[in-house]
Amino acid sequence: MTNSPVAVNLADKLSQFSDLWSQKKIADVNDYEVKLAKLKGEFVWHTHEDTDELIMVVSGRLTIQLRDGEVTLGPGELYVVPQGVEHCPVAEEETAILLLEPVGTLNTGGAGGPRTKAPEPLA
């Protein structure tokens, strides 16, 4: 039996969930996970001590607050938060993002707390 290659359609995957600040795994790349999330409001200040974090906006607008400034992203734009840099994502409107992070990276980094969630796989 041969598996046919199938493209991942981001709009289709995003239509499968509505919960906010909950990462959904859509693919694996070596030791990395490709994840989608929907955001609205402000997250928690946190760092990822052992890895960079790639964040790409699919729809909406996202501001990534940094202690020494901020980066605002629109659809099709990405930013790599360097390893160990404290940051806090803020979305004034519902925003869909794609994340690329090593397997096991916690969404709240070292901050922990009630918003810490493991990514859930999407079919």
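## Close-up views of a predicted model

At 5% relative accessibility, lysine 24 counts as buried, where buried means under 20% relative accessible area, exposed means over 50%, and partly exposed lies in between (1.4 Å probe, protein chains only). The model is predicted, so local features need pLDDT of at least 70 and side-chain atom pairs count only at pLDDT 80 or more, while totals for chains, interfaces and linings use all residues. Residues are numbered from 1 along each chain as its sequence is written, and side-chain values use heavy atoms, with hydrogens and water left out.

**View A. Lysine 24 is joined to glutamate 120 by a salt bridge.** A salt bridge is a side-chain nitrogen of Lys or Arg within 4 Å of a carboxyl oxygen of Asp or Glu, and in this pair the closest N and O atoms are 2.4 Å apart. Glutamate 120 belongs to strand 8 (residues 120-121) and lysine 24 to strand 1 (residues 24-29), so the bridge ties together parts that are 96 residues apart in sequence. Strands (E, at least two residues) and helices (H or I, at least four residues) are DSSP runs, numbered from the N terminus. Glutamate 120 is partly exposed, with a relative accessibility of 37%.

**View B. A network of salt bridges links Lys25, Asp28, Glu33, Lys35 and Glu101.** The structure holds 7 salt bridges in total. Lysine 25, which is partly exposed at 22% relative accessible area, pairs with aspartate 28, and the closest N and O atoms of these two residues are 3.3 Å apart. Lysine 25 also pairs with glutamate 33, with the closest N and O atoms 4.0 Å apart, and glutamate 33 is buried at a relative accessible area of 8%.

**View C. The largest nonpolar core has 14 residues.** A nonpolar core is a set of buried Ala, Val, Leu, Ile, Met, Phe, Trp, Tyr and Cys residues joined through side-chain atoms within 4.5 Å. In soluble globular proteins, nonpolar side chains tend to be buried together. The residues with the most contacts inside the largest core are Leu39, Ile55, Val57, Leu62, Ile64 and Ile97. At least two core residues come from each of strand 2 (32-42), strand 3 (53-59), strand 4 (62-66) and strand 7 (87-102). A second, separate core has 8 residues, among them Phe17, Leu36, Ala96 and Leu122.

**View D. Threonine 63 has its place in strand 4.** This threonine 63 is buried, with a relative accessible area of 18%. The side chain of threonine 63 makes a polar contact of 3.3 Å with the side chain of threonine 72; a polar contact is a pair of N or O atoms within 3.5 Å, and within protein one atom must be able to donate a hydrogen and the other to accept it, while residues adjacent in sequence count only if both atoms are side-chain atoms. Leaving aside neighbours within four places in sequence, threonine 63 is in contact (heavy atoms within 4.5 Å) with Glu70, Val71, Thr72, Cys88, Pro89 and Val90.

**View E. Tryptophan 21 and asparagine 30 have positive phi values.** Phi of tryptophan 21 is near 60°, and this residue has its place in the loop between helix 1 (10-14) and strand 1. Asparagine 30, with a phi of about 55° although it is not a glycine, has its place in the loop between strand 1 and strand 2. Tryptophan 21 is buried, with a relative accessible area of 9%, whereas asparagine 30 counts as exposed at 75% relative accessibility.
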